[in-house]
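Morning, everyone. Let me put the structure up, and then I'll walk through it.

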Number of protein chains: 2
Amino acid sequence: MIRPNLLYRNNTFVENETLTIANGLITAAPSAAPPTELPTKALIPGFVNVHSHAFQRLIRGKAESRATSGKDFWSWRGTMYHAAANLTPEDVYDVSRMAFLEMLLSGTTTVGEFHYLHTAPNGQPYDDPNELAHQVIAAAQSVGIRIVLLNSAYLRAGFELPPDPGQRRFYETTDSFLKNTESLLAAYPGSNEVTIGIAPHSVRAVPLPALKEVLHWARAQALPIHMHLAEQLAENTASLREHTLTPIALLAKHSLLAPDLTAVHAIHITPAEIAALSASGSTICSCPTTERNLGDGILPADRILEANIPIALGSDSQAQIDPLEDARQLDYHLRLQHQQRAILDQINSTSIATTLFNTATRNGARALQLPTGSLTPGEYADYITVDTNDPSIAGHTPDSLLPLLTFGLNRTAIRDVAVNGKIIVTDGHHPLAEEIIARYTQLHRRIWSDAPPSPSNR
Amino acid sequence: MIRPNLLYRNNTFVENETLTIANGLITAAPSAAPPTELPTKALIPGFVNVHSHAFQRLIRGKAESRATSGKDFWSWRGTMYHAAANLTPEDVYDVSRMAFLEMLLSGTTTVGEFHYLHTAPNGQPYDDPNELAHQVIAAAQSVGIRIVLLNSAYLRAGFELPPDPGQRRFYETTDSFLKNTESLLAAYPGSNEVTIGIAPHSVRAVPLPALKEVLHWARAQALPIHMHLAEQLAENTASLREHTLTPIALLAKHSLLAPDLTAVHAIHITPAEIAALSASGSTICSCPTTERNLGDGILPADRILEANIPIALGSDSQAQIDPLEDARQLDYHLRLQHQQRAILDQINSTSIATTLFNTATRNGARALQLPTGSLTPGEYADYITVDTNDPSIAGHTPDSLLPLLTFGLNRTAIRDVAVNGKIIVTDGHHPLAEEIIARYTQLHRRIWSDAPPSPSNR
């Protein structure tokens with residue numbers, strides 16, 4: 001039982017109330033134990049990061065140059081492929097631990113890891129073809145973050161394109177993908193801290209028949225399904241050429257959209273596509289910090305929310321890891337575009353702070369099919385304590401703390417982070433931080449000791 | 001003498017070199033004293049915040065609603081006026097200390113405070129008409145930040161507009177403004193930690209004859225001159241109606257632009273206005289975090305840098321205080337607009353990291369006419385130490401640290417902050433933080449215990 005100064009409940013904060021935890025779950029049952037008093041803290045749900053490529057932490061700060069990484073998304077990919085090309089299984093473990101450590105310190109208690117690095121550097125499967133997925137999961141377990149491993153199907157470079165050597169480690173066949181995902185499911189039975197979903201990479205990388213096959217298979221087992229859709233205009237153009245339909249329109253036409261599907265990015269979408277996503281109950285995962293870094297464009301979050309489509313958030317390329325900064329960018333980018341303020345306020349009669357806070361919490365839980373993100377009884381006890389005297393949010397009142405957090409919170413305010421009721425980060429410190437950072441630093445230097453990658457326009 | 005692991009020098013980092021400080025200045029002279037060793041730190045110049053309205057810290061998180069603060073800049077102003085309406089001199093001191101504390105913790109060693117709160121709540125001057133300016137300066141001195149008090153001339157509500165009760169505390173006459181500024185100059189002789197500049201508020205608030213008079217006066221004394229220009233389209237329209245010219249074009253026509261002038265915001269500007277600013281040697285101060293919050297629009301930083309106009313940065317409304325987040329937004333907002341990456345890279349053959357880092361440091365020093373911001377001998381010893389093992393920047397190398405900092409640094413990495421060689425923040429802690437935050441919290445609650453302000457469309 002915990003008694004913080006302010007407890008998040010139903011989109012606001014209540015004073016002097018307690019949160020009771022039993023067996024890792026939040027419970028409504030009374031507890032006889034005396035509460036742990038946290039008189040200068042607010043207690044909020046842990047953040048849910050729906051879309052992560054952990055290994056891309058390696059390219060933070062390394063791809064901000066027209067000379068080495070080019071001027072668009074497609075040339076940036078060359079730098080990303082360079083980072084992926086030579087990682088050993090141990091390296092994948094080390095960089096994943098680094099990314100997951102920073103997520104925990106930022107208040108993230110669950111990560112959806114969109115995992116497409118499958119084979120050895122030469123393109124051959126490891127003895128265990130899930131070797132790298134196991135490393136990513138082991139990294140999450142070591143650091144203490146809840147993980148949904150979204151196993152990615154990446155079957156080709158694109159429509160009528162020859163295989164790309166930079167993608168050598170991503171490719172599988174439909175059969176090997178299904179077989180490997182089955183093995184993964186069998187390897188983590190009964191754990192709520194490690195679950196499995198699937199991620200057909202994109203319409204570019206997965207032909208339509210294969211897409212139908214893997215979705216059919218996944219739906220028989222009620223797995224969450226995540227897919228990059230409409231991040232880049234060129235992706236839409238290629239799909240038009242192959243299918244005469246853009247990616248989301250293609251999925252709609254073939255009745256592949258459903259509540260279990262999360263469309264990652266969904267930036268370049270038409271009103272008809274918004275209507276189709278809305279009718280299907282799908283979620284959109286936005287990654288604003290990465291999307292601004294990659295120059296992807298601005299999500300039409302106003303039209304999406306008006307259509308009752310839930311928006312969740314992802315740290316994607318790890319350009320920065322800061323869930324509420326992502327949340328506020330959903331509105332801020334629209335403000336810049338429309339030269340108005342608080343664009344997302346009062347859509348469906350909901351305050352902007354509630355709408356944005358939910359993108360970082362309960363909407364993510366929905367996209368990953370996990371009971372967490374709102375501190376209601378029966379959910380996993382995944383929570384954060386926030387120092388209400390932190391300079392970034394000092395001067396709150398119970399009714400103003402949610403907007404103040406949402407628009408102002410700095411990572412310095414995040415003190416304790418708990419997953420399944422276990423405190424993983426204590427007063428801003430993670431017990432393994434020093435070792436994780438030292439190993440990551442060695443890895444980073446080795447990877448980038450090669451000459452910088454030359455631009456690619458593939 | 002200090003020996004960090006990595007020392008910022010000439011837009012890059014050098015290993016195992018020392019920085020020598022004598023009498024608060026950086027010196028090239030050798031020192032016999034053994035160096036202070038900082039083996040896990042990088043040492044960089046302190047950030048220069050060119051444009052601050054300290055009291056607006058009170059509206060963080062309080063103006064994010066269409067119901068209470070409206071949907072545009074002009075209705076947001078109503079909330080801001082509410083915060084300003086009832087502050088006592090002691091309140092001005094308390095809120096200024098809060099804002100300056102957060103700036104120091106964010107690595108800001110100099111603030112340019114654009115000060116337009118002059119009179120008592122009833123519009124009458126205090127016994128000392130500089131009472132509130134003295135409070136702001138005392139707050140800076142108490143907290144330990146270097147301040148340039150930019151005393152603002154705010155003479156009217158606008159062309160052909162009656163006085164606005166919400167602006168009652170801002171108004172002065174030209175004569176009282178000049179007299180009060182003279183008194184301010186006399187009150188802080190010989191201090192390098194407190195200097196004075198002037199800030200004709202805007203073309204809206206200062207009629208042209210008065211503008212000419214105060215600029216003439218200020219230039220005779222070589223004071224820095226700051227002015228809001230072209231933040232909002234409505235401001236341009238009003239100037240067109242009064243002068244048949246937009247604000248910057250008006251200043252250009254009357255030869256009022258010069259290297260001592262800083263145009264704050266300058267978002268809505270034409271190619272001819274960019275050319276005029278460029279020819280004059282003026283600086284532009286951008287405040288991207290505030291401008292995204294207010295929905296002002298996107299600075300055309302690419303065209304501005306191509307014209308060799310220096311860009312500096314300000315925290316303005318204190319929506320967030322994070323200098324490098326402001327710096328990176330200069331590029332990120334253009335990326336979203338143009339759907340390309342690294343727009344500002346290689347303009348004038350300069351790397352994007354150098355260009356952005358300079359906006360937060362040496363360009364600000366130029367705008368405030370202070371020798372600081374680049375750690376070169378003869379400058380004030382205003383510096384920050386950064387934990388190179390912080391998760392936000394772990395994995396650096398000497399040549400990659402500048403882009404990694406610029407694009408990734410989180411406040412958690414900022415450990416020690418020194419002004420004039422005196423360490424003010426030690427390992428992330430300011431000795432007065434607890435008291436400052438407690439007093440600010442009381443103030444905040446008192447100000448907002450009134451009913452929320454109703455929207456205004458003035």
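**A helix on the inside, then outwards**

Start with helix H13 of chain B, residues 352-360: nine of its nine residues are buried, so this helix is largely enclosed by the rest of the structure. Buried means under 20% relative accessible area, exposed means over 50%, and partly exposed is in between, with a 1.4 Å probe and protein chains only. Helices (H or I, at least four residues) and strands (E, at least two) are DSSP runs, numbered from the N terminus. The buried residues of H13(B) run from Ile352(B), Ala353(B), Thr354(B) and Thr355(B) through Leu356(B) and Phe357(B) to Asn358(B), Thr359(B) and Ala360(B).

Ground rules, quickly. This is a predicted model, where local features need pLDDT of at least 70, side-chain atom pairs count only at pLDDT 80 or more, and totals for chains, interfaces and linings use all residues. Residues are numbered from 1 along each chain as its sequence is written, chains are lettered from A and ligands numbered from 1 in the order in which they are written, and side-chain values use heavy atoms, with hydrogens and water left out.

Now the interface. How many residues does the contact take from each chain? From chain A, 65 residues, and from chain B, 65 residues. Contact here means heavy atoms within 4.5 Å. The area buried between chain A and chain B is about 5,400 Å², and carbon and sulfur atoms give 51% of that. Buried area is the accessible area, with a 1.4 Å probe, that two parts lose on being put together, summed over both. On the chain A side, Arg292(A), Leu336(A) and Arg341(A) lose the most area to chain B, together 15% of what that side buries.

The rule finds six salt bridges across the interface of chain A and chain B. A salt bridge is a side-chain nitrogen of Lys or Arg within 4 Å of a carboxyl oxygen of Asp or Glu. Take Glu64(A) with Arg335(B): their closest N and O atoms are 2.9 Å apart.

Which elements of chain A touch chain B? Those giving two or more residues are H1 (66-69), H2 (73-85), H3 (89-105), H10 (288-294), H12 (323-338), H15 (401-408) and H16 (433-448). H12(A) gives the largest share, seven residues. By class, that side has 23 nonpolar, 24 polar and 18 charged residues.

On to the rings. Over all chains, the structure holds 24 aromatic pairs. Rings of Phe, Tyr and Trp (its six-membered ring) pair if their centres lie within 6.5 Å; planes under 30 degrees apart count as stacked, over 60 as edge-to-face and the rest as tilted. Tyr116(A) and Tyr154(A) make a tilted pair, 6.1 Å centre to centre and 45 degrees between the planes. Tyr116(A) sits in the loop between strand E7 (108-115) and helix H4 (131-143) of chain A, and Tyr154(A) in the loop between strand E8 (146-153) and helix H5 (174-187), so the pair ties together parts 38 residues apart in sequence. Both tyrosines, Tyr116(A) and Tyr154(A), are buried.

In chain B, Phe55(B) and Tyr116(B) pair edge-to-face, at 5.9 Å centre to centre and 85 degrees between the planes. That pair links distant parts of the chain, 61 residues apart. Phe55(B) and Tyr116(B) are both buried. Back in chain A, one aromatic cluster is formed by Phe55(A), Tyr81(A), Tyr116(A), Tyr154(A), Phe170(A) and Tyr171(A).

Last, some single residues. Ser106(A) lies in the loop between H3 and E7 of chain A. Is Ser106(A) buried or exposed? Buried, at 3% relative accessibility. Its side chain reaches the backbone oxygen of Ile321(A) at 3.2 Å.

Ala140(A) is in helix H4 of chain A, and is buried, with a relative accessible area of 0%. Ala140(A) and Phe100(A) are 40 residues apart in sequence and 6.5 Å apart in space, C-alpha to C-alpha.

Finally, Ala222(A) has a positive phi of about 60 degrees although it is not a glycine. Ala222(A) is exposed, at 53% relative accessibility.

Technical notes:
Nonpolar A, V, L, I, M, F, W, Y, C, P; charged D, E, K, R; others polar. Polar contact = N/O pair within 3.5 Å; in protein donor to acceptor, adjacent residues only side chain to side chain.
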